[in-house]
Amino acid sequence: MFTDEVFPSLDIPSSWRKSQQAVQESRGCQTREQQSAEAHAQTGTNSSSWTQTELQDGATEQLLLQHHDQLQAPGLKDFLLRVEDVVIRELVRNARSHAFDGFQVNWDDCSHMLSCLHRLQHPSAQERDLHVTSLSWSCTGAVLACAYGRILDGDWSTENSYVCTWNLDRRNLRPKHADMVIDVPTAVTALCCHPEQPAFIAGGLYSGEVVVWDTSQTKDPVLAQTGMSVDSHREPVYQVSWVPLDKKGEFGVLSACSGGRVLLWLVDSEQAGLVLTAAYALMRQQLPHSSSSSFKARGSSTVGVTTLALSPWDSDTFLVGSEGGLLLRCSFSSQTPAAVASEGQSVPLRAPAVFSFQPASGPVHSIHCSPFHRNIFLSAGTDGLAHLHSLLQTNPLLSIRVSDSYVFKVEWSPTRPLLFAAASGQGEVQLFDLGRRSQRAVAIIDPGGTGHAAVCLAFNSQNPRLLAVGKTDGAVSVWQLSTDLTEQMPTESSQLEQLASQVVE
């Protein structure tokens with residue numbers, strides 16, 4: 001009924017593809033050829049030129065010789081011949097004269113000899129009317145350390161105080177903001193920076209303690225301290241100094257107090273303490289005869305030490321000044337037992353005095369040994385005079401009136417053998433030149449004073465043009481000195497030698 005049928009395929013060609021192929025065209029694009037060219041430049045030709053005087057011919061020279069007499073001014077030859085003998089005679093006299101030996105012309109205006117670079121202050125100290133009691137430069141000369149306390153009618157207050165440091169080499173130096181402030185429970189009476197370690201500072205306190213601070217440790221700067229023991233001082237410590245020990249590179253701390261004790265301490269950083277290695281006691285009955293006879297009837301048997309100085313020439317010698325005006329030369333190597341009852345000290349006390357000088361009329365506040373002559377030193381005190389001494393003579397070589405008030409500090413210049421500075425109770429700091437005939441000061445810092453005593457000063461040994469001055473108003477002034485106050489004159493050393501060789505009757 002149903003059957004399969006097969007029909008042939010039917011193809012229908014595409015008219016669209018044919019129409020598209022018919023309309024296709026080929027297109028092309030090309031940029032134009034780039035035009036390029038090279039060019040260069042070169043300097044033009046150069047030329048050089050010069051000039052030279054022409055040589056004189058023989059005829060010109062002969063003409064000048066023939067008219068030589070006519071070229072001179074009338075009477076000049078006769079005048080020169082007439083004064084020749086006189087001029088030569090005066091020149092010979094001048095060559096033999098010593099009237100102007102060592103004289104150098106000072107082209108600087110005197111008003112510019114000194115200039116104040118910085119005025120450093122600690123606001124908390126000034127608010128409490130604390131005084132600057134001591135100054136010391138670090139061994140690098142960059143950092144100035146300042147101690148605070150209070151001086152009232154010659155006595156010290158027991159209230160807490162400060163030790164402040166300023167780095168003057170910093171660009172962002174803030175005069176009223178110290179780089180480091182160390183709180184101290186009592187007044188700081190003495191200060192001394194380490195001669196080789198810039199961060200170490202030794203200090204003496206009113207309580208009798210001796211402290212060594214390490215300023216590189218900001219949280220706890222106390223490196224070592226004596227505390228209160230049978231070995232420590234029991235009176236205010238008026239002087240501390242670093243002393244080189246036998247072992248190279250090691251230093252001890254030498255301290256002196258008003259109780260007549262001079263103690264040498266060794267720093268034990270591991271135990272945070274100071275170990276006593278040598279002890280000296282100044283007893284009146286053991287002093288050399290010339291001084292003990294003058295003060296035989298005065299006060300107690302002990303000699304209250306107010307100042308101390310080390311000799312830079314002899315490691316065995318140190319000088320001591322006292323409350324009663326005594327001035328003594330002492331020896332570290334003395335083996336004489338001190339005439340004092342033992343109180344259980346770990347080190348036996350020895351009597352160090354070996355020579356006495358003419359006593360002053362009042363307490364001696366300052367002593368300083370010359371860095372240029374082994375026998376010369378200065379002393380000053382309540383008599384208002386600066387005394388020039390020789391270690392070989394009892395009487396002073398020279399006495400200079402500094403002030404009608406006290407002289408708290410004298411110090412030699414580190415570069416000028418004949419120059420020293422003195423700080424007085426009238427507020428002035430005067431600089432004296434022993435090479436001049438006049439005994440008047442060659443320069444004065446703060447002339448007339450400001451009602452505040454200048455109690456301390458310190459030359460900067462690394463930068464000798466800087467001089468720091470501390471006053472009772474709590475301010476520290478850093479002054480710049482002119483070159484004529486810092487540069488050594490040709491004959492200064494010989495003049496100092498002449499002063500030292502004088503014999504005083």
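1. Helices (H or I, at least four residues) and strands (E, at least two) are taken here as DSSP runs, numbered from the N terminus. On that basis the protein chain has seven helices and 31 strands.

2. This is a predicted model, in which local features need pLDDT of at least 70, side-chain atom pairs count only at pLDDT 80 or more, and totals for chains, interfaces and linings use all residues. Residues are numbered from 1 along each chain as its sequence is written, and side-chain values use heavy atoms, with hydrogens and water left out.

3. The protein chain has 505 residues, of which 45% count as buried; buried means under 20% relative accessible area, exposed over 50%, and partly exposed in between (1.4 Å probe, protein chains only). The accessible surface is about 29,300 Å², and carbon and sulfur atoms hold 50% of that. Accessible areas come from the Shrake-Rupley method with a 1.4 Å probe; for residues, only the protein chains shown count as cover. Among contacts (heavy atoms within 4.5 Å) in the protein chain with a separation of 6 or more, 52% join residues 24 or more positions apart.

4. A nonpolar core is a set of buried Ala, Val, Leu, Ile, Met, Phe, Trp, Tyr and Cys residues joined through side-chain atoms within 4.5 Å. The largest one has 23 residues, and L135, W137, Y148, W166 and V476 have the most contacts inside it. At least two residues of this core come from each of β2 (131–137), β3 (143–149), β6 (161–167), β29 (454–459), β30 (466–471) and β31 (475–481). Another core, of 22 residues, lies apart from it and includes A190, W265, L274 and L349.

5. Which residues does L135 contact, leaving aside its neighbours within four places in sequence? They are A145, C146, C456, L457, A458, A468, V469, G470 and V476.

6. T317 lies in strand β17 (residues 317–322) and counts as buried because its relative accessibility is 8%. Not counting residues up to four places away in sequence, T317 touches L310, S311, R329, C330 and F332. T317 and F332 are 15 residues apart in sequence, with their C-alpha atoms 6.5 Å apart in space.

7. On the surface, L76, F79 and L80 form a nonpolar patch with about 270 Å² of accessible area together. Patches are made of residues with over 30% relative accessible area and no salt bridge: like charges are joined within 9 Å, nonpolar side chains (Val, Leu, Ile, Met, Phe, Trp, Tyr) within 5 Å. A salt bridge is a side-chain nitrogen of Lys or Arg within 4 Å of a carboxyl oxygen of Asp or Glu. L80 is in helix α4 (residues 76–96) and, at 47% relative accessibility, counts as partly exposed.
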